[in-house]
Amino acid sequence: MDQILEELKNIIEPKRLLTQLEDLVSFSYDASFGVYLPEIVVQPTSTDEVQKLMKLANKYKVPVYPRGQGTSLSGGPLPVKGGMVLDFSQWDQKLEIYPDDLIAVVSPGVLTSDINAAANEYGLMYPPDPSSSNVSTIGGNLAENAGGPRGLKYGVTKDYVIGLEAVTPEGEIFRTGGRTVKNVTGYDLTKLIVGSEGTLAVITEAILRLFPKPPATKTLMAIFNDIVDSGRAISKVLSSGILPSKMELMDQASVVAVENYQPLGLPTDIEAILLIELDGHPQAIEEEIVKVEQICKEVGAREVKVSRNEEEALQLWKARKLVSPAIARIKPTKISEDATVPRSKIPEMFKRLKEIKNKYQIDLVVFGHAGDGNLHPNIIADQRDVEEMKRVEKAVEEIFAAAVELGGTLSGEHGIGTMKAPFLEMELGKVGIDMMKRIKQSWDPNNILNPGKIFPEEGQRFVLRSE
């Protein structure tokens, strides 16, 4: 590493080359579980620097771990093999909006919310809105194919990436796609790279699609005595011809936590609250909100509240925004999963989650993007309680199994990383994993780019405890 360090000094200025222990510790963890100390942290701010860094790393076969702001919930940027962390959080110089082409061109370190804010100035929007958008970088969103509440109507990150500039593990610069929405020239490498969790190439620039901002929105809150009824409401609304921009769910535990944290006057003797947002032409959504209200009542909603103005809408959404900080006060350890099922299976998944909660006697809170089946079963625990964590691990395994059995997936938006790698075969099978490994081998023959991610290693188990 001493030889590498000397050569690095010819590529990166000293202040962006971090080797002190206190700096390395800062890049040893993310928002998931596990601590892995890198040997060096580099903060590139140009494609030329990334190219030189990758050529150097490939020459000495040093593991390289691209990283944004470390908000990953799956262990995406963790330097599990040591080596070099490429910290892109300082590379935010380019954020260009081209309103006539409905695109944005951005550097990997730009904050996701800043892209939407810049687009708003032209009456446009960047639809993907992960909950971490105010702190997460677009590069991290691209790596994990992040989603968010608006994914129901507008799709996820991959649906908005039409071009990339990237650097291969061997240090070659290439471009994919371009500035046109239609492009069928050769293989779609753009879609392959987005969501590959930094294992195939290092993204250095992205061209993103923008949408016209809808002129109006309307929000509804429906309260249910039975969580399964809320699942039926979701299915019936979506099959009615109405496509909401958001459909968010909070279970009883979420509501109780919020009321204990910051009382909003929500009823706690219920099993679920459904928040639905419509957007579009003012007259159209006024008609649609009435139909959604009727549907919710037909399937058993105890009460339905419709916002009359933006202020009331913000008040209704406030409860959903407070869930994460509220449940974090119950116990210090939060395990956030994002198992996703087909919409028709949402009621059945709710039943399974109830059974798992009772079987393992765990504090299970369910909230999330219920409209597209992307539930967020959150388990609140105390990592210092070994017996409790053992029960939690078994519960998480059953949550994954239930999602796959119902035709769903291990992850709707958090990625596989280190956390879900042991379960990959459950969903993809041996042949599916082998095909992915072949792609990885052809792109990264020396396995230096984000090694230890996605693919399970021999004997790897799902563990939330320090053993």
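These notebook entries record what I looked up in a predicted model of one protein chain.

**Entry 1: the nonpolar cores**

I began with the nonpolar cores. The largest one has 64 residues. Those with the most contacts inside it are Phe-224, Leu-274, Cys-296, Ile-335, Met-349 and Ile-379. Helix 13, which spans residues 386–405, gives the most to this core, with nine residues. Another core lies apart from it and has 27 residues, including Ile-97, Val-106, Ala-206 and Leu-208.

I then looked up the surroundings of Met-349. Leaving aside residues up to four places away in sequence, Met-349 touches Ala-339, Val-341, Leu-375, Ile-399, Ala-402, Ala-403 and Leu-406.

**Entry 2: a residue of helix 13**

Is Glu-393 buried or exposed? Glu-393, which is found in helix 13, has a relative accessibility of 5% and therefore counts as buried, since the cut-off for buried is under 20%.

Which strands pair with strand 18? Strand 16 (residues 333–336) pairs with strand 18 in the antiparallel sense over four bridges, and Ser-336 has Asn-378 as its bridge partner. Strand 17 (residues 363–369) also runs antiparallel to strand 18, and seven bridges join them. Here the bridge partner of Leu-364 is Ile-379. Strand 17 and strand 18 form a hairpin with four residues between them. In the turn, Gly-373 has a positive phi of about 75°.

I followed an open sheet of four strands, which has the order 1-2-4-3 and mixed pairing. Why is one side of strand 1 and of strand 3 left without a neighbour in the sheet? Strand 1 (17–18) and strand 3 (64–67) stand at the edges, and each has a single partner strand, so one side of each has no neighbour there. Strand 1 pairs with strand 2 (residues 40–42) in the antiparallel sense over two bridges, and Leu-17 stands opposite Val-42. Helix 3 (residues 47–60) packs on this sheet and touches strand 2, strand 3 and strand 4 (84–87). The direction of helix 3 makes about 170° with that of strand 4.

**Entry 3: aromatic rings**

I counted eight aromatic pairs in the structure. Phe-88 and Trp-91 form a tilted pair, 5.9 Å centre to centre with 35° between the planes. Phe-88 is buried at 6% relative accessibility, and Trp-91 is buried with a relative accessible area of 6%.

Tyr-154 and Phe-211 form an edge-to-face pair, 6.1 Å centre to centre with 80° between the planes. Tyr-154 lies in helix 6 (residues 151–154) and Phe-211 in strand 11 (residues 211–212), so this pair ties together parts that are 57 residues apart in sequence. Tyr-154 is buried at 12%, whereas Phe-211 is partly exposed at 26%. Ring pairs link Tyr-126, Tyr-154, Tyr-160 and Phe-211 into a cluster.

Finally, I looked up charges over rings. Arg-179 lies over the face of Tyr-98, at 4.5 Å from the ring centre. Lys-246 lies over the face of Trp-317, at 5.0 Å from the ring centre.

How values were computed:
Residues numbered from 1 in each chain as written. Predicted model: local features only at pLDDT ≥ 70, side-chain atom pairs only at ≥ 80, totals over all residues. Heavy atoms only, no water. Core = buried A, V, L, I, M, F, W, Y, C linked by side-chain atoms within 4.5 Å. Buried < 20%, exposed > 50% of the residue type's maximum accessible area, 1.4 Å probe, protein only. Contact = heavy atoms within 4.5 Å. Phe/Tyr/Trp six-rings, centres within 6.5 Å; stacked < 30°, edge-to-face > 60°. Lys NZ or Arg CZ within 6 Å of the ring centre and 35° of its normal. Pairing = 2+ DSSP bridges. Axes fitted to C-alpha atoms, helices over the stretch in contact; angles between N-to-C directions.
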